[in-house]
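Me: I'd like to learn how to read a few features off a model. Could you walk me through some?

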Amino acid sequence: MTFQTPDTFQDAPIAATDAFDLLEMADADLLARASHLRDQGHGRLISYSRKVFIPLTELCRDVCHYCTFAKAPKKIDAPFLSPDQVLEIARAGQAAGCKEALFTLGDKPELRYAVAREALAEMGYATTLDYLRAMAELVLKETGLLPHLNPGVMTTEEMTALREVSVSMGIMLETVSARLGERGGCHFGSPDKDPAVRLRTIEQAGELNIPFTSGILIGIGETRAERIESLLALRDLHDKHGHIQEIIIQNFRAKPNPKMANAPEPGLQDLHWTIAVARIIFGADMSIQAPPNLSNGGEGLIAAGINDWGGVSPVTPDHVNPEAPWPHLDTLAADTAQCGKILVERLGVYRAYAHQNERWLDKSLRKSVLDLIDADGLARMDPWAPGGASQELPELPTTPGLIGDIGLSRILARAEMGADLSEAEVCRMFAARDGEVHEVMQAADEVRKQVNGETVSYVVTRNINYTNICYYKCKFCAFSKGKTHEDLRGKPYNLGSDIVAARAREAWDRGAVEVCLQGGIHPEYTGQTYLDILTAIKTDLPDMHVHAFSPLEVFQGAATLGIPVPEFMARLIDAGLGSLPGTAAEILDDEVRRDLCPDKINTAEWFEVINAAHEQGLKTTATIMFGHIDRPVHWARHLLRLRDQQKRTGGFTELVPLPFVHMEAPIYLKGGARKGPTWRESVLMHSVARLTLNPHIPNIQASWVKLGPDGIAACLTAGVNDIGGTLMDETITRSAGAEHGQEMTPGAMEDLLFEASRPSRQRTTLYGAASNERRHVSLA
């Protein structure tokens, strides 16, 4: 094969026919290629799983010559851990913030030991795997820890049963070398170490759509060529089924007492070589793991191409390698940072499989996983959720010594200059973690200072939701009701235009410059309904700005009258419509909308309404509702579509990020969505929006209903220049479970901004200055 420089590396996995040429490749070239591939697939992130290690039984029917985990019955206190012992370990892990319960055990000891059979029978189980299933289910139910199971060789029926109580399973292939099972080899006398048997188990896992872990053990008598053969065998199975979520490269460690106690251990250079070969064989996307406790704290492993440290427990030892303690997580983070990488926590199920949970997870496990992941599929790192009042804002951590990323710095510099960013560049900003988050926030705030100065604006407004009856079936909405649907918050209602006008009058008398009108799509509403509401308000209050009707309402109204959207838009403007709220946007990507709101207007139809408004001189806002089933790539597409629309028409006044409030949302209650965005994601949305939309959309607003006063104050240092409206009657977010109230008075808003050391101003809907008369009335 022709060796390549890093600049000419190909990212595709190496052909099987070329893999053995790696035996002749210089180590430096090998590691450079592996490191390049890792960076292509995983960027700066090095992951680990915070786990608790549960050794369900140390009995095993095999007699591997290097193993000290398996013991004879006379050397252990009991054949199996009891349920109480299992729960004691799991609860200790839960208290320490673990999310994975790793069950490790010997292969089917009841086939060798009578004491195992008797113990199982006494507990009411026929097999070890029956007991394993019960204990995994117990741990999941009592602690919420997600079981990962390593029970050895299994049949299809056994894996089917265990899939119902675990998010992933694993078995180390170790090697395809059958000669190691012959007399004198390390696997002699171990029927479960037959490579063909283990490969069949791994293939069956793929047939059952089980996220699976495998790998090789080096230094047990195999050759380097046999390592390549083993890796290619695993790759063949993964190419067929797509189920292998990680490949572990584990180095043999000699231990006292077993037959291989005096066998030489593979050196670090040999370990690095094998990791690099694994990366090149599997390519950029596969997770390549090597445990840090088996190699001097992980020295050189990142340079060799790993992207994962494996499971690290703050509670339990490595029972397979008890002589090698886990590194402290702060130390691991610092060591990772010194290599220019960021340590991130994952679950026992990797993110690609968590995102595709309908295929890869049993239905009973999907909600448990969704509750624990962020938008990237990594572990949520704090309990914060939008809408919750009694919660402190989490800290945004910074690891000392983290080396900056020149690529991110270049993107931020381009954004500050107002360059049009690409989807990949926007995704990179959303991927910011650790100290990078502060870099993005700072860049966004610099743009805010240049565009808006220090003054923060707000508007005195009243929300009027004239009906919560809606025949659309948006899965996220806890506000809308059928006429008799009362199992969610509130009863169905429908306000007449006279009541809407009376509420608008009350708002005017309290100093409002605007009423914001939106509601469900009532089956009896037509476009004339919306025209009548406008007429009722403007007849009584000609100076009141009416900010009304989502693009969905406009689209539906036009359809009921049998006229084109632009014509209906003109009628609304003639009737007194002052501006249009850019709601019903959710995520402007039909990949998400197909699941989130399948019967709602699609992305093109939303822009059809917005474009009709802009072309007739009607200003609109823009929104993004994020943190449910979406991912950062969808956020990037949403923002870029808004930017492109703004470049054409210039009609958006502001962007309002709306973090998904999950508490009462039907899609969450049914186990189909995450718990809203994390705090990191919420802050980044405001910052990345500021940078992506610069200089086209000048105002970025934060929602106090979603974020609360403390969240608003924090976002004022992340690119936000507006804190929205006083609202007076907020209904939609409260219906979803938010607890920040239904009104923030002008006095409270100005107090909040004073505490944040920021000047305030009352504005109009279109960002002019509110009159002195309106301001005086509102503050009175």
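This is a predicted model: local features need pLDDT of at least 70, side-chain atom pairs count only at pLDDT 80 or more; totals for chains, interfaces and linings use all residues.

Me: At what angle do the axes of helix α5 and helix α6 cross?

Reply: Two packed helices are described by the angle between their axes and the distance between the axes. Here α5 (residues 128–143) and α6 (residues 156–163) have axes that come within 9 Å and cross at roughly 15 degrees. That makes α5 roughly parallel to α6 (angles under 35 degrees count as that). Leu129, Leu132 and Arg133 in α5 meet Glu158, Ala161 and Leu162 in α6, contact being heavy atoms within 4.5 Å.

Me: Is strand β15 largely enclosed or open?

Reply: Buried means under 20% relative accessible area (1.4 Å probe, protein chains only). Seven of the seven residues of β15 (residues 620–626) are buried, so this strand is largely enclosed by the rest of the structure. Thr620, Ala622, Ile624 and Phe626 cover one side, and Thr621, Thr623 and Met625 the other.

Me: Which strand does β15 pair with?

Reply: Pairing needs at least two DSSP bridges between two strands. β15 pairs with β16 (residues 652–659) in the parallel sense over six bridges, and Ala622 has Leu655 as its bridge partner.

Me: What is the relative accessible area of Arg38?

Reply: Arg38, in helix α2 (residues 27–42), is buried at 1%. Its contacts beyond four places away in sequence include Arg279, Asn307 and Lys341.

Terms used. Residues are numbered from 1 along each chain as its sequence is written. Side-chain values use heavy atoms; hydrogens and water are left out. Buried means under 20% relative accessible area, exposed over 50%, partly exposed in between (1.4 Å probe, protein chains only). Helices (H or I, at least four residues) and strands (E, at least two) are DSSP runs, numbered from the N terminus. Axes are lines fitted to C-alpha atoms, for helices over the stretch in contact, and angles run from 0 to 180 degrees between N-to-C directions. Angles under 35 degrees count as roughly parallel, over 145 as roughly antiparallel, 65 to 115 as roughly perpendicular and the rest as oblique.
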